Structure formats: structure tokens, C-alpha cells
Amino acid sequence: MEDLKIELKGKIIEVLNLEDITVEDIQDNDPLFGDGLGLDSIDALELIVLMDKDYGIKLSDPKEGRSIFQSIETMATYIAANRTK
Amino acid sequence: MKSGKEQLVCCSMKKVYITSTSCLSSVGADKQLTWQGLQEGQSGIKKIEKFGFLEDIYAGQIADEVIDTQWNKLNIKGIYTRLEKMLIIALKPMIDLKKPTDTSQLILATTKGNINNLANTGVKGADINDMIQRIADLFGFKTTPIVVCNACVSGILAVSIGKRMIQMGVCEDAYIVAGDELTPFVASGFNSFQAMSDEPCKPFDANRKGVTLGEGSAAVYLSTECTAQETVFEVIGEASIADANHISGPSRTGEGLYLSIQGALREAGITAEQVDLVSAHGTATNYNDEMESIAFDRSELSSTPTHSLKGYFGHTLGAAGLLELVIVIESMLYNQLVVSKGYEISGVSRALNMITANSKLSLNTALKTGSGFGGSNTALLIAKRN
Amino acid sequence: MEQHKYSISKWCTVSEEVVKRFDQVVFEGEKGDFVAFAKAYYKTNEIDYPKFFKMDALSKLAFIGSECLLMDEEFDKPTSDIALLFSNASSSLDTDLKHCESIIDKDSFYPSPAVFVYTLANICLAEVSIKHKLQSENAFFVTPSFDGDLMYTQVKYILETHRAKQVLCAWVEYLEGKYKFFGYMVGSYRQGELEHTRENIKEIYRR
């Protein structure tokens, strides 16, 4: 699980082009949207692509995404339980 | 803003009229057939089982046979892409009515041009300038064509740009043509935005599920000519103000659209009360329709008969504004309201007077709006003359 | 129509990893890498706008050039006083190629929304309007080469009809690593400034 969280942080930084942010800067329970990492609606869509591409998880309901993408913790938990690759 | 000086400048501006129009749509192979189809409530939106790697999408696609039939009637030699044929089919009736002079301006509105060529021919085959130059050469235009590429407002904005050029005296007339094709390029992108409806789109409705894409082409002829014999449509006001809010999401307050409508009203010197018809953009995404309802409400247009035509054509992108303007003009010509297809129960926070029946109404002044990616907005006011 | 005199108050070019303002070099980056150059410009000028790193190359180019022209302007935010008229030759083809690659093969069919949104040329204009809160007249044109006559007419219209007090005009071209930004600001005439004429626009473009 810890490895998955670190992997996720690295991927998010890369995919969302988060400049000057390192894996160490992101805490497991930091909110990803709003005040946290300041992600926006396009980032949320990009995370949906990441879930599909890297973990074989298809999310089509954006509302579903909202609870999964709360933090690294919630994302990792969901991925661990639902991944197909 | 509204200084005496401004009034003086505006009053001294030439009047610009739309004197002829034409289109090719998924509803009908020409303007008459499209208008007739709308009267009968026909929609061009159908289910497509396979489109690129997407399955079971709804879209307003024009059958290749329809394009071929129209194309063959023109007897034009040379090799043209499918989109170029669509543009030429729309433009030809304008040219037949009046041949371009040495100063006539050709203006194209498109978002993606020949983007379908990109995978096969690289950037050269998808070059928009090359495409419109071929069409300009075909019809003997002497001036360099201009392309307006401003996302989904392109079609309406192109009319504003042409009007401004005529008013500034750089040309006497302008041929505005707009077209975009339904392509896997665009469909895959909208799909990645989770923006596509899994049923024909329902603009402003409570059960709307997103966009239905479409394709089409349209053309209008702009000039300063206004003869007593024919009904013409004066472009009385227009404005294109950005939201400056977000690259893909519309403003929550409808600011850019509101300011665009206000700008158009100011130029026309009329109040919202004098507008008889609003032809909205109405893409049927949650945020867009909500934003428009706020902007119309703020503009005091909530009781004006309003429609979105996306339920018939789908969203035809860069062609949308012009194709829909052509229908608005028919609507005004026949004093006939067009039902806002797909609308049943209001799904926006502000009251709107959505058109739900094909009724007759005297239509002298209409507002056409568009909003698009990049937070772009355009409002155009036209008034019937003669 | 009543004709007024306007002036070109400043101009700027960005090409070959060099930023020039009034023909003077104000920033020079390492040759050969636009992305590294753009980042260096951002850091050197202490710009705090993380969204910059999410932009495609065309938008980064428009952003840098507009930053250079607007950095010393003082205006209310939001404002409708500064209009934007942008143009280029290749539309968004540079990013179109990237989106196109992502949809060619069924097994790697993962189109990216963050890429797709930049497959419209006017997004680079939107990025500038968002950064500087310009709720103003805007249009994006595609022409084979910089069309000074078209820009002259459209700028003049906006100023004569009082739709804005100034217009930021720009040529923003980026395709497969080759690029050029040429931008200038037009506003009411002030003694000593370059007059806004077709000839002067073409002259500063050629420099």
C-alpha cells in the first residue's frame, strides 16, 4: 500500500505537470482539489484517464470520481480494491 | 462607455445586411430541406455503432451519399476533401447569386478544418489556409481569405468580423462560410471530457446528459445592399467578450456572455425587451446551459422565446453559430418559431421561455449567441428589414 | 467615418530562445529547447502561476509574449479595456499531432483531456485573458503569414467603437519546435510614440 501511494504521487506529479512539487511534499491525506494541490476539473478528467490506463479501472461517473480523488489515501484504497492491471 | 462620441461613430457606420443564406445539415441536404425537416420535428441525430474506436455514440452525421449527390449537381472538377465539398456546397448558392468582385472578402469559420487528414498526410494535409485558398481559387476570389478559429463561437464571430471589415471600408461585401466535420479526432476528445450524452442531447432540460456532436456547413452573404424588393437582415449589433475564467469550463456567472449580449444591445441601440427571439448555444452540458440561463436572466431575456437547435443538428462546432443563424433567419422570414428539441422540463436555475410548440409569432429582431472552449462568447443581433 | 490617430506603445518578439522588447534583448535562454527556455523565463521573472506548466507550447509562447507586453501595465481586474487579437498560420496543429497519436492505436487509446483542450488555437488567447483577467473583445485568426492589414483594420474598429482602450495584437506561431511570437499594443495616440499605421506594423514585424 505504501509503495502504491508513492507510485501514485509520482504519477500525479508527472501527469498533471505539478512544477516544484515532490513526492515528499504530498501528504497521504492532503486534499487533492481545492486548497490542497489546487487541481481543477481538467486534472480530475486526467486522473480518470490515469486510473484506466495504469490500473484498468473505468470511471464514467464524474461524481464517483469526486469521492475517490479526495486524497492519495482514498485513491490508493480504491485502486488496491478495484485494479485489474 | 456610452459617450456621445461613441454614438457619433456608430451612427456614421455603414449598415451591413445578410441578403442570402444557405446550408447543408444532417437534417437536410440544403436550406429548404433543412427548414422543412425542422418543421416536421426531424432530427439529424442518429446512433452510430462504431466511430473510430468509440462504440454506440449519438451524432448528427451527414450521410456520404447526401454530400455526393449535392456535389455531383455542382459539376465541379478537381479533388476536394469531404469537408471542402461540404463548404463548397454551402457557398455555391451565394456565388451563383453574386460573383465575387476584386475586393470581395471570403471568411471561413472552422475549428478543425481537414483534421481527418492529419494521421495520413501530416500537418500539410490539415493546413486550414491551404484548404480555404483552394476554395477561394475555385470561386475566383482575389483577396486573401481569412479564417476565424475561435472554438465554438467561430461561425457567429465570422459574421461580426465580416461586418467590421465592411464598416471599416476594406471590402464591400463578404462571403462567410462555416464548416466542421464529425471526426474521431473530435469525438475521442469530447469523450475523454466525459461530455458526451448517451442519448440525443436535451438542451436546457432537467435530464440532459451532455453534448451530442454533429457536422454541417453554412454560408451567408454580407453586403451594404438593401433593396426595397427583398427582405434582408441587418446585423445591428455584435460583441465577443471572453469569460477570462477557465479554459474549458464556462463562467459560473455567465459574465462573458452577459457582457457580449450587453455589447450587442448597446451597439444596436435597443433594449432586451425589443428582442423577439433568442437562439441560444445550448450544448446540453450541465455547466454550459446553466451559465447561459444566468446570462439570459441577467440580460432580462428570461421571457423571450428561446431555443437551442442542438437537438436537431448536434453540436456542429465551428459551423454551429452560422448554421443556426441561417435557421434563425428562416424563422424570422416565416414568422415561425422553431421548437427547442429535447426540452421538456427546465433543468437550469433561472426561468427561460423555452419554445415547445411550432407557433407563429411576429419576429423582427433576434439574438444569436454562442459560447465555447476558452471561455469565448459571441452575441449577434439581427433585425428584419423590408 | 471619423478617423482617430493611435499609437503602437510597445512591441515584443519571442523567437529562437530570445525575448526582445522594443528590439532590445530582455531575456536569452539556452538554445535548442523551447520548454526549458520557457521555464527559465518563468523562473527568472519570478512569475507565480503554476498553471503555466500545464500549458501546451503555443500557450506558453503566447503567455510569455503577453507577459512581456502587459507586465508594466496598470489596470483594474477584471477589465474590458484591453482587447486581444491573435493569429497564426498553423492553428493548434502542434498539439493536434499529440492528440492524434493518442487515438491511432486501439491498445493505447487513451486520449488525454489535458491535451485535447489545447487542440483549439484560441486556447492560447484564453490563457492570456485568464491570467490578466481580460473580460474583453477577443478573436483568433488563421492566416498564411502575419497579416498586418487585417490586424490594422480589426484593431482600428475596436478602438474607434470604444470597445476597448487598448488592443494587444499578436502573431503566435508554434509548430514542431519552430516558433515566433510578435506582439504589440495599440492605444490612444501619445506624442513621441510610433503611430499605428499599416506601414509601421509591417516595419516593426520585419525588424
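**Notes on the two domains of chain B**

1. Start with the layout: chain B splits into domain 1 (17-223) and domain 2 (237-380), with bounds taken from an automatic or database domain assignment. This is a predicted model, where local features need pLDDT of at least 70, side-chain atom pairs count only at pLDDT 80 or more, and totals for chains, interfaces and linings use all residues. Residues are numbered from 1 along each chain as its sequence is written, and chains are lettered from A in the order in which they are written.

2. On confidence, the complex gets an ipTM of 0.97 and a pTM of 0.96 from the predictor. Chain C has an average pLDDT of 96, with 99% of the residues at 70 or above; pLDDT is the predictor's per-residue confidence, from 0 to 100.

3. Back to the domains of chain B: their C-alpha centres sit 20 Å apart. Across the boundary, 57 residues of domain 1 are in contact with 51 residues of domain 2 (C-beta atoms, placed from the backbone, within 7 Å). On the domain 1 side, H7(B) gives the most, with eight residues; helices here are DSSP runs of H or I, at least four residues, numbered from the N terminus.

4. What is B:Val148 in contact with, leaving aside its neighbours within four places in sequence? The list runs to B:Ile107, B:Ala109, B:Ser154, B:Leu157, B:Ala158 and B:Ile161, plus C:Ala139 and C:Phe141 from chain C.

Terms used:
Two residues are in contact if their C-beta atoms, placed from the backbone, lie within 7 Å. Helices (H or I, at least four residues) and strands (E, at least two) are DSSP runs, numbered from the N terminus.
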